[in-house]
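Here are a few friendly notes to read alongside the model. Take them one point at a time, and keep the picture open as you go.

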Amino acid sequence: MTATGDTLRPKRPAAAAPGIEKTLEGLGVARGIAIGVIHLHDAGAISVPELRIPAARIEEECARFEEAAQRAGHQVEQLQEKAGRLGGSAGEELGYLLDAYRQMLHGSRLVRGVERRIRSDRINAESAVQQEINEIVRGFEAMEDSYLAARVADIRDIGRRLLRNLTNTPYRPFTALPKNAVIVTDEMTPADTALLDPGHVAGLATVLGGAESHTAIMARSLGLPSVLGVAGLLKDLKGGETIIVDGGQGRVILNPTAATLGIYRQKQIEFLKSRRALSRLRDVPAETLDGARILLQANIEFPNEVVAVLDAGAEGVGLLRSEFQFMNREDVPSEDEQYATLREVVERMGGRTVTIRTFDAGGDKLAPALGCTIGPNPSLGLRAIRLGLARRDLLEDQLSAILRASAHGPVRILIPMIATVEELRTTREIMNTVIRRLKKKGVPVADPPPPLGAMIEIPGAALSADAIAWHADFFAIGTNDLTQYTLAIDRSDEAVAHLYNPLHPAVLRLIQFSAEAALRARIPVCVCGEMAGDPRYAALLLGLGIRDLSMTSSNIPMVKQRIRATNLVAATRRARVIMDQSDSAHIAQLVDGFNAGEP
Ligand code: PEP
Ligand code: MG
């Protein structure tokens, strides 16, 4: 293995004129105000495995390289779109540069050279990329031409991108950050975001990323003020500048003046004050004005979030995204390790129910250890339960760990991305086999066994919710994916973020249909997508029959406050009117009007 930190140094844009205040808009994905110092984030060192490969693997290696190059091309295209929206000479200049990047990824000397090395030297794609880049760089440096010398940085940049794609390398080095560091970068994966420590990092701003991406969800979980999808963010930055991130407004201010800093320091104080005031709601029930009791639970990714969950007054964990246990590592955690982690959560929740979702890796949540690949269409590929059923060994180990944890407190098992009744039935058979195996060995398991539920997040599943309900012990409606798949809007793509709308009548009808199917089958139904954590939607969801909401714990007080100001009878009446509408803009007016006090 070699680390390319030295050979492929990241390209740094030119320095900014100091002190010029600049305001940029983006998608505010996690509320709060961060005032700090810019830490320009790059991938750091990438471990490059150097391997000789047998002749039989040559085609596979070439295909891996092709896939990595295609992905890099897509990433550059996204950056190019951003550059286009920048306008002016800056946008034009950046556009030319990115054009050159794209050319480097298609039939260029670089691409041909890498393929030749794989075939003739019989080496893996990573080594071939590294060797080819080094040779091109050496050639350019020898030319003593200032223009070509400047291109060396670009070639290194493309090399880093290819290696990162080939090795699925997370952006790791979040160590030695200055106090109040604000991470500024083109793109963060959810796995990278999970590595941020809110004790050290003040905020996050990125060029790419949508509001319902898992990166955004992680940022909210961490309570890290964050703005994603900020066009032109990296232009002229050199790191170390002062920055304000306003995660509520979706605004980033670079080099703020003393006056602006004063205004935002005051806003920061007010935000913290209102959060403290809301925290006083912790021990009061989530009850509507007319006495309906609503269950408010928390979504978590890691055991250490339990403190925040209990602090927020959550009555259970409505969604534990177990896939995060498989990220940022090269191996799969053993069954014992998984059991220890889950048992810790169950025990710390002290008798409150913990809903553990089997791994939903794939899409934007890469867990190389689980063998999930990018594929041509990551959101539609081998992910979630499809991956579990294809890798039954992994699913059985995980189910075994969950079942063992169920002996320590109330647990429910939730299956992600259910599309058919058959998938749920097969999973139940596997679960029953695992239970029999554990019992035979005398290993304690909850008796009766944990309820087995289905995520309703694929439109096809929502439309057949009545059939699935006969085989499920409960439903969890995942509005993030349900909106993504219903409207064909990539939830991670900031370019279409303005079109992502859970108030689209099609999405609302699927939620309503699923909720009614669950109520008819007398099984519990919860909404655990981001919609559940937005107080704006609380009365509407209640009006559609939902009595169980699960969300990022920091949003619980806000949603509880909204519920306590809601009359359920009126909310149900308003929901009926809303469901008769076909125009989302009018639906939004009806939702906002009701929230503002209309009867
Ligand atoms: C959802 O899709 O709404 C959901 C809760 O799951 P995730 O966000 O993890 O895909
Ligand atoms: Mg989902």
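Predicted model: local features only at pLDDT ≥ 70, side-chain atom pairs only at ≥ 80, totals over all residues.

1. A polar side-chain atom of Arg491 lies 2.7 Å from an oxygen atom of ligand 1. With Asn480 it is the backbone that takes part: one of its N or O atoms lies 2.8 Å from an oxygen atom of the ligand. The protein covers 100% of the 290 Å² of accessible area that ligand 1 has on its own.

2. Where does ligand 1 sit? Its place is in the largest cavity. There are 16 residues around ligand 1, and those that come nearest are Arg321, Arg357, Gly478, Asn480 and Arg491.

3. Now look at what builds this shell. At least two of its residues come from each of α7 (214-222), β12 (317-321) and α16 (479-487). The most are given by α16, with three residues. Sorted by class, the shell holds seven charged, five polar and four nonpolar residues.

4. Let us turn to Val284, which is found in the loop between α8 (258-279) and β11 (295-300). Is Val284 buried, partly exposed or exposed? Val284 counts as partly exposed because its relative accessibility is 28%, and this class runs between 20% and 50%. In sequence, Val284 and Lys560 are 276 residues apart, yet in space their C-alpha atoms are 8.9 Å apart.

Technical notes
Residues numbered from 1 in each chain as written. Chains lettered and ligands numbered in written order. Heavy atoms only, no water. Near = heavy atom within 4 Å. Polar contact = N/O pair within 3.5 Å; in protein donor to acceptor, adjacent residues only side chain to side chain. Areas by Shrake-Rupley, 256 points an atom, 1.4 Å probe, with all protein chains shown as cover. 1 Å grid on protein atoms, 1.4 Å probe; cavity = no way out; pocket = protein on both sides within 12 Å on 5 of 7 lines; lining within 4 Å. Sits in = over half its atoms within 2 Å of the grid points. Helix = DSSP H or I, 4+ residues; strand = E, 2+ residues; numbered from the N terminus. Nonpolar A, V, L, I, M, F, W, Y, C, P; charged D, E, K, R; others polar. Buried < 20%, exposed > 50% of the residue type's maximum accessible area, 1.4 Å probe, protein only.
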